[in-house]
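Visitor: I am new to reading protein models. Could you take me through this one, term by term?

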There are 4 protein chains.
Amino acid sequence: SNNFFLLAGPCAIESEDMALRIAERVVEITNTLKIPYIFKGSFKKANRSRIDSFTGIGDEKALKILKKVSDTFDVPTVTDIHENSDAALAAEYVDILQIPAFLVRQTDLVVAAAKTGKVVNLKKGQFMSPESMQHAVKKVTDSGNNQVMVTDRGTMFGYQDMVVDFRGIPTMKQYAPTVLDVTHSLQQPNQTSGVTGGRPDMINTIARAGIAAGVDGLFIETHFDPANAKSDGANMLDLQYLESLLTNLTKLRQVVNTF
Amino acid sequence: SNNFFLLAGPCAIESEDMALRIAERVVEITNTLKIPYIFKGSFKKANRSRIDSFTGIGDEKALKILKKVSDTFDVPTVTDIHENSDAALAAEYVDILQIPAFLVRQTDLVVAAAKTGKVVNLKKGQFMSPESMQHAVKKVTDSGNNQVMVTDRGTMFGYQDMVVDFRGIPTMKQYAPTVLDVTHSLQQPNQTSGVTGGRPDMINTIARAGIAAGVDGLFIETHFDPANAKSDGANMLDLQYLESLLTNLTKLRQVVNTF
Amino acid sequence: SNNFFLLAGPCAIESEDMALRIAERVVEITNTLKIPYIFKGSFKKANRSRIDSFTGIGDEKALKILKKVSDTFDVPTVTDIHENSDAALAAEYVDILQIPAFLVRQTDLVVAAAKTGKVVNLKKGQFMSPESMQHAVKKVTDSGNNQVMVTDRGTMFGYQDMVVDFRGIPTMKQYAPTVLDVTHSLQQPNQTSGVTGGRPDMINTIARAGIAAGVDGLFIETHFDPANAKSDGANMLDLQYLESLLTNLTKLRQVVNTF
Amino acid sequence: SNNFFLLAGPCAIESEDMALRIAERVVEITNTLKIPYIFKGSFKKANRSRIDSFTGIGDEKALKILKKVSDTFDVPTVTDIHENSDAALAAEYVDILQIPAFLVRQTDLVVAAAKTGKVVNLKKGQFMSPESMQHAVKKVTDSGNNQVMVTDRGTMFGYQDMVVDFRGIPTMKQYAPTVLDVTHSLQQPNQTSGVTGGRPDMINTIARAGIAAGVDGLFIETHFDPANAKSDGANMLDLQYLESLLTNLTKLRQVVNTF
């Protein structure tokens, strides 16, 4: 279809019910719009600001739900890994292993992911330049795996804000297919509460700019009830707005395809 | 036409010939694409990094050339002012007075521009947030002039780089029509040479993202021979690429207009 | 005495009484500590965030007060200028002409100050690297004036914060005597209120670090009643704390002098 | 002695010989100056920019060398850990477990370190505010371990530079004893070569400012032959300059102790 692809789903897998419910709706929308869709869900949350934040429902339980989503809707899935030993474990259940932004400089973790033979999605560190992502990509290809993509999730701008540098998109496309994570790019970290804030009102703006700048894919966390989601509630898109967003982005992409 | 408008021209007015030659070509392109066009040219350059940089051909001589461009092609013109006394002088010759980014916090200068009754174009300081531009806009309207627009020209990112924060576009549109200056947004200041550098290879990317994000206008410096331009050569768009850029942007805008 | 020198006084000259009262106390303290002292006061405030902020009591009136302070206590004085025409005017009354950070790239203003033959104090733009200050210094010396110094007043860090980069001190000392402005370095600009905030609780920390890093001078705004000062109240040091601060800094300087 | 304490040693343990040679000299200097000394050495390097960078001589081999240094000179030791399983392993050999800056948001790793009962040294992420370190400290104390300290190693400033924000020192001292890492604070990351650069010429400036600002300890990587060190050569202090640096810093500290 030559449309952009989409990694979307809740931040964390909270239950089978919620995962299936979100997947069902996103599949429906993306089928209509001919958007290649990958279901996203974290099987654990390892880098919360506070020790009392939600960290997951159990690793294998969550991974099995990811597999069930894949089987039920015939869509590939992506999840993020945090320890070297997570790589082989998660690879049994999902199609894409994602390296979190904070961890993308951990060579052992990147190599462990690459060695599974699964697609590796490398998030650009908030502290890294687009150009420096070529070294992370090379760690995957040097491990004998050419299935690698990179995802921009914003760059630190002062202590409590992030900015998306759209110059990074053509830059990183030289190294690998490039995704824009519109959810985490709009975080506002280091808030005094210890809970990361955000600017979900800017999702449309950033997503449109990303498509216009030529991204290959988008990453969007979405939930039918963001306010009650167990993590990242501040930035997730309410599922009810996803269809209209993707419809507009698809139109924009059709024009970009003619350039 | 509901298309975006365009402020474009050379950085500095170097001679009548070059001004007319650039204007003629841009008028031709923008007429075809139904882009409202304002010819841009600085009558003096007051904030160069080095004392030996080119500063202009003479104030009135340059202003008269701006007037001649306006009369010849029936287009409005814009120029930037640096001293309070420049406001009344430039207002005799041009339609829009532009406050440079470095000077947008100088209350007297903003008020002097406002009091001429001309349209005032306020450039966002590289050191200012989008939100803080509301105070600059208010200085114009409090002076009894409602014809005001704002232009983003990027924000400092470290010492030697700038970034465009596209969240600023919907933010500043709340205050006034909002323009994206794709030329100066791509500057890389504070280079060790004392000559500002840039990323002209990113003009397409940033301009497209700007249209997608909903800007009202674009600001582009262009020259038929950027390498020999007397200022800002590092970032000006070669005139030969302008038509294809604007053609693509117009298509993008037509889609954005349907959102 | 080989002690650091001090530029200190209120932000703006509000009245003769307050100027003399502040000067008297600072002279007393600095005489005891053998700190060469220059009285500082702005004769107008030209770059306020909002049009309704206090801008001064009248230019000549304020300048005459500066002169009176100088005559009364036999101390040199410094004030900042904003327009080319301010240079000659202020030079009749004060010993040092200061170029504000926002304006340090305005070549005409720097040259106008230099041509008066007075000492020129160039504030580093919040958007400039320490290295780039060499070009500003050169504009003064190329105008035939070798009496030039530079002052660091912090660097933008995100939209609403500033940071002092102490690497800049040895860097700028290569070009000219270097001052650390502990008042404005601690500003937090672009607050949503339109009034600049600050971190006056960090004055001690930043001043001590500056002396240890080898600054030639310090710049401190001080007032006997900061909360009711007409500008910069958020960051001025309460005059009652000045003696103990300077006493500690003098001890620190004595050790640094042995390195 | 009320002097600051010192964490110092090579970046990575390259061999027993080099570790002992460096330790011997630092012990000699710190004994004379009454500086409490902790020998620092990494047993593996896990986050190199490039896959072909040196990563270590073998985990247990390196840890045993750390133990030997400790036994030989009767000094405590510190090393950094990267995987949860490293915590228990390293705790058998060293006194302080250090959490690298990139990993300080990994809750499991921080908790694993805390649970060993060893002192935990938390490096502030380059992407974190000083204030946000209170949450990291709390993860240690909530795990029943009150022996925790924090280390500032600079904050991202644009893509290719870092800055030390000295306001962070009094801020973090509210949470735990605070160390300034003068080596990594002066890194310049994301260089196009894929090898991190630095400003070792600024070690004196930053270290002095740190002592003046009241740090409890300093962290300095040092080597008798930095140019041939297997990692971080760009920023390590040549061992021959350590004595004079520490002598000056001790004098400075004596003054600060009187404040």
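Visitor: Why is A:Gln188 called buried?

Guide: Buried means under 20% relative accessible area, exposed over 50%, and partly exposed in between, with a 1.4 Å probe and protein chains only. A:Gln188 has 18% relative accessibility, so A:Gln188 counts as buried.

Visitor: What should I know about the model itself?

Guide: It is a predicted model: local features need pLDDT of at least 70, side-chain atom pairs count only at pLDDT 80 or more, and totals for chains, interfaces and linings use all residues. Residues are numbered from 1 along each chain as its sequence is written, chains are lettered from A and ligands numbered from 1 in the order written, and side-chain values use heavy atoms, leaving out hydrogens and water.

Visitor: What makes the link between A:Gln188 and A:Asp161 a polar contact?

Guide: A polar contact is a pair of N or O atoms within 3.5 Å; within protein, one must be able to donate a hydrogen and the other to accept it, and residues adjacent in sequence count only if both atoms are side-chain atoms. The side chains of A:Gln188 and A:Asp161 are joined at 3.1 Å.

Visitor: Which residue of chain B does A:Gln188 touch?

Guide: B:Arg167. Contact means heavy atoms within 4.5 Å.

Visitor: What makes helix 4 of chain D mostly covered?

Guide: Seven of its nine residues, 107–115, are buried. Among them are D:Leu109 and D:Val110. Helices (H or I, at least four residues) and strands (E, at least two) are DSSP runs, numbered from the N terminus.

Visitor: How do you know that strand 4 and strand 5 of chain D pair?

Guide: Two strands pair if DSSP finds at least two bridges between them. Strand 4 and strand 5 of chain D have four bridges, in the parallel sense. D:Ile99 stands opposite D:Leu122 in strand 5 of chain D.

Visitor: Why is the crossover from strand 4 to strand 5 of chain D called right-handed?

Guide: A crossover is right-handed if, with the strands pointing away from the viewer, the path from the first strand over the helix to the second runs clockwise. The β-α-β crossover through helix 4 of chain D is right-handed.

Note on methods. Lists of a residue's contacts leave out its neighbours within four places in sequence.
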